[in-house]
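Dear colleague,

I am passing on the structure below, together with some notes on what turned up in it. Please read the notes alongside the model.

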Amino acid sequence: MQPIFVYGSLISPIVYDNVMQGIKRQQERRVPAVLRGYRRVCVRNAPYPALIQEEGQVEGVLVFVENQDQIDALDRFETDMYKRISVQTIVKESWGDRQVEAFVYLWNDAQDKLLDQEWSYEDFEKNKLPQWIQQEFPVK
């Protein structure tokens, strides 16, 4: 099955595991990767980013999913604000770069919701993740 390139909140294992609650799966293999020809920008009044096709590159993680249920859970999480497409990512290996085809979620909503500002995973993890987890995935 084609891996998923995650570049925003799903980089966090806490977020990813919450999205996958109830899905039968093994612990997925995760590999750092780069996506060229795209930018990760801030969404107005939101803690998560948007991926847009524009000159640049985005660092993220390839998650090697095992089944369609996992893809379906990610589709539900991303909603129709994002469109799943296939892209070529770059994985840095000791012997050189390796291209890996992967799915990624591209921004599919109004452009006026985007800011011309790079989104930072480090800032998300440090300043927004705990509160956002409580809002998105309340304990029942």
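What pLDDT does the protein chain average, and what share of the residues score at least 70? The average is 92, and 99% of the residues score at least 70, where pLDDT is the predictor's confidence in each residue, from 0 to 100. This is a predicted model, in which local features need pLDDT of at least 70 and side-chain atom pairs count only at pLDDT 80 or more, whereas totals for chains, interfaces and linings use all residues. Residues are numbered from 1 along each chain as its sequence is written, and side-chain values use heavy atoms, with hydrogens and water left out.

Helix H2

In helix H2 (residues 68–78), the residues Gln70, Ile71, Ala73, Leu74, Phe77 and Glu78 are buried (under 20% relative accessible area, with exposed meaning over 50% and partly exposed in between, for a 1.4 Å probe and protein chains only). They cover an arc of only 160° around the axis, which puts them on the same side of H2; the arc is that of the directions from the helix axis to the C-beta atoms. The cover over these buried residues includes E1, helix H1 (13–19), E4, strand E5 (96–107) and H3. At the start of H2, a side-chain oxygen of Asn67 comes to within 3.1 Å of the backbone nitrogen of Asp69. After H2 comes Thr79, in the loop between H2 and E4; its phi is positive, near 60°, in a residue other than glycine, and at 40% relative accessibility Thr79 counts as partly exposed.

Two buried residues

Thr89, in strand E4 (residues 82–93), is buried, with a relative accessible area of 0%. The side chain of Thr89 reaches the backbone oxygen of Val100 at 2.8 Å. Not counting residues up to four places away in sequence, Thr89 touches several residues, including Phe5, Leu35, Leu62 and Val100, contact being heavy atoms within 4.5 Å.

Phe124, found in helix H3, also counts as buried, at 1% relative accessibility. Leaving aside neighbours within four places in sequence, Phe124 is in contact with Ser9, Pro47, Trp119, Leu129 and Trp132. The C-alpha atoms of Phe124 and Gly8 are separated by 8.6 Å, although these residues are 116 apart along the chain.

The largest pocket

The largest pocket holds about 320 Å³ of space. A pocket here is an open set of points on a 1 Å grid over the protein atoms alone, where a 1.4 Å probe fits, with protein on both sides within 12 Å along at least five of seven lines, and lining residues have an atom within 4 Å of a point. Of the 18 residues that line the largest pocket, Ser9, Tyr48, Phe77, Glu78 and Trp132 are the closest to its centre, while E1, H2 and H3 each supply at least two residues of the lining.

An exposed loop residue

Asn45 lies in the loop between strand E2 (29–43) and strand E3 (49–64), where Asn45 has a positive phi of about 60° although it is not a glycine. Asn45 is exposed, with a relative accessible area of 78%.

With best regards

How values were computed:
Helix = DSSP H or I, 4+ residues; strand = E, 2+ residues; numbered from the N terminus. Polar contact = N/O pair within 3.5 Å; in protein donor to acceptor, adjacent residues only side chain to side chain. Points joined across faces, edges and corners; volume = space filled by probe spheres on them.
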